[in-house]
Amino acid sequence: MSDIVPPSGNTSSFVHLHVHSQYSLLEATCRAKEIAKKAAAFGQPAVALTDYGNMFGAIEFYFACKDAGVKPLVGLEVFIAPKSRLVKGEDKEAASQPTRRLVLLAQNYDGYRSLCKLSSIGYQEGFYYRPRVDYETLAANNQNILALSGGLMGEVPWTLLNKGPEAALEKIEAFKKIYGDRFYLELNRPGVKAWDQVNQFLLEASEKTGVKTVASNDIHYISKEDQLAQEVLICIGTNKTLQDEGRYKLGSDQFYFKGSDEMRALFRDLPEACDRTLEVSERCDLKFNLKDAKGAPIYHLPSYPTTEGLTVDDEIRNLSLKGLERRFHEAAHRNEAVPEANKQMYYDRLDFELGVIGKMGFNGYFLIVQDFIGWAKEQGIPVGPGRGSGAGSLVAFSLRITDLDPMPYNLLFERFLNPERISMPDFDIDFCQEHRGRVIDYVTQKYGR
């Protein structure tokens with residue numbers, strides 16, 4: 001009997017912890033909404049996303065699960081370099097070995113950030129056919145992360161099948177040292193013969209090391225009928241045809257999204273391994289602060305360094321008023337003076353726009369844009385006069401983001417920013433082709449890469 005009581009109180013429930021989406025490029029066919037809807041249809045309280053090497057689908061998956069009433073478990077299946085992530089094709093021994101894998105799940109937002117960092121390191125430092133990490137990077141970024149030993153190409157199963165049980169036990173101890181009780185041995189029963197040996201070893205290793213086992217299915221497609229489509233994807237990725245006998249394939253038609261009853265029946269002799277999927281789910285509680293209670297997006301923008309003592313509201317109002325006065329002065333100097341009787345229309349329009357911009361939380365955005373455009377002009381870098389709907393903003397004209405006065409042409413500010421259409425404002429800005437990189441460098445250095 002299992003010594004674990006499923007947190008949901010439902011002994012027939014189950015949580016899939018190893019699931020690949022279309023973002024496991026050319027290896028899986030599942031879409032985020034399909035995954036979330038399938039979990040909800042089976043009454044499963046949560047579901048994970050663990051794509052190969054990347055976090056491309058994390059946000060889409062998170063909100064798909066929220067919409068379906070399912071708890072999202074955001075993860076990543078990392079590729080582990082045979083030696084250091086920095087050792088690549090120059091080492092023939094390392095290059096001849098395949099990259100092994102490890103499944104990781106974020107426990108909270110800090111864990112999500114750790115996963116993002118691991119993925120970035122994999123691409124920026126370790127990339128060699130795949131975005132690879134190593135034990136050094138895993139240990140340095142292990143905070144708030146749960147780990148599963150993975151499929152047949154997982155570090156532990158691969159080592160067992162290619163180097164023997166003692167070497168595999170060493171890998172288990174290495175991961176146990178990094179993750180402690182946050183490391184689990186993943187059992188799979190997809191009808192592939194190699195798993196018979198691996199599962200038996202993992203059960204014995206669990207007794208020896210105290211590392212818990214957990215049931216899984218390493219999902220690559222939603223329905224059993226999708227197996228052929230998934231194999232076609234692999235053929236495209238490996239430049240093979242379905243007729244090639246030596247092509248890579250998963251080995252059975254069982255890597256689909258199975259219901260809780262189906263998984264429980266598959267592991268009827270190991271109910272505790274199914275119960276622990278719920279335990280793992282309970283240990284994860286990732287929350288993104290990206291939408292408010294009404295479902296409107298919450299934007300996280302860099303902070304603009306305001307004049308001492310001023311809020312961004314005060315700063316943008318002061319700069320806009322001063323900028324408008326400067327525009328009046330320049331127009332008069334060109335013998336195109338705005339009649340005194342018309343100036344109040346400008347002030348009223350400016351006040352209206354500032355109210356909308358402030359209400360929608362974009363004061364800092366406008367200030368940052370005017371800052372880097374102003375810097376570019378000071379450096380002698382040609383900047384376009386403005387195009388698109390942003391040319392309808394008097395605030396943008398006053399801040400010298402654009403150089404077109406919208407008032408004589410009755411241009412609508414609402415086409416650019418409208419409280420009834422919640423979306424980020426989008427200034428179309430043209431910089432000199434030869435020097436636009438300098439502007440990008442300025443922005444990243446001042447406001448963060």
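This is a predicted model: local features need pLDDT of at least 70, side-chain atom pairs count only at pLDDT 80 or more; totals for chains, interfaces and linings use all residues.
Local features here need pLDDT of at least 70, side-chain atom pairs count only at pLDDT 80 or more, and totals for chains, interfaces and linings use all residues. Residues are numbered from 1 along each chain as its sequence is written, and side-chain values use heavy atoms, with hydrogens and water left out.

Q: What volume does the largest pocket have?
A: Rolling a probe the size of a water molecule over the atoms shows where empty space is left. Here the largest pocket has a volume of about 690 Å³. A pocket is an open set of points on a 1 Å grid over the protein atoms alone, where a 1.4 Å probe fits, with protein on both sides within 12 Å along at least five of seven lines. The volume is the space filled by probe spheres set on the points, which are joined across faces, edges and corners.

Q: Which residues lie nearest the centre of the largest pocket?
A: Glu-27, Phe-79, Thr-99, Arg-101 and Arg-130, out of 29 lining residues. Lining residues have an atom within 4 Å of a point. Helix H3 (92-95) and helix H9 (227-238) each give two or more residues to this lining. H9 gives the most, with three. Helices are DSSP runs (H or I, at least four residues), numbered from the N terminus.

Q: How do the lining residues of the largest pocket divide by class?
A: Into 18 nonpolar, six polar and five charged. Ala, Val, Leu, Ile, Met, Phe, Trp, Tyr, Cys and Pro count as nonpolar; Asp, Glu, Lys and Arg as charged; the others, Gly among them, as polar.

Q: At what angle do H14 and H16 cross?
A: Two packed helices are described by the angle between their axes and the distance between the axes. Helix H14 (residues 363-378) and helix H16 (residues 436-447) cross at roughly 135 degrees, and their axes come within 10 Å. Axes are lines fitted to C-alpha atoms over the stretch in contact, and angles run from 0 to 180 degrees between N-to-C directions. H14 and H16 are therefore oblique to each other. Angles under 35 degrees count as roughly parallel, over 145 as roughly antiparallel, 65 to 115 as roughly perpendicular and the rest as oblique.

Q: Which residues of H14 and H16 meet?
A: Contact means heavy atoms within 4.5 Å. Ile-368, Asp-371, Phe-372, Trp-375 and Ala-376 in H14 meet Arg-438, Val-439, Tyr-442, Val-443, Lys-446 and Tyr-447 in H16. That contact has eight nonpolar, no polar and three charged residues.

Q: How does H6 pack on H8?
A: Helix H6 (residues 155-163) packs at about 110 degrees to H8, with axes 10 Å apart. That makes H6 roughly perpendicular to H8.
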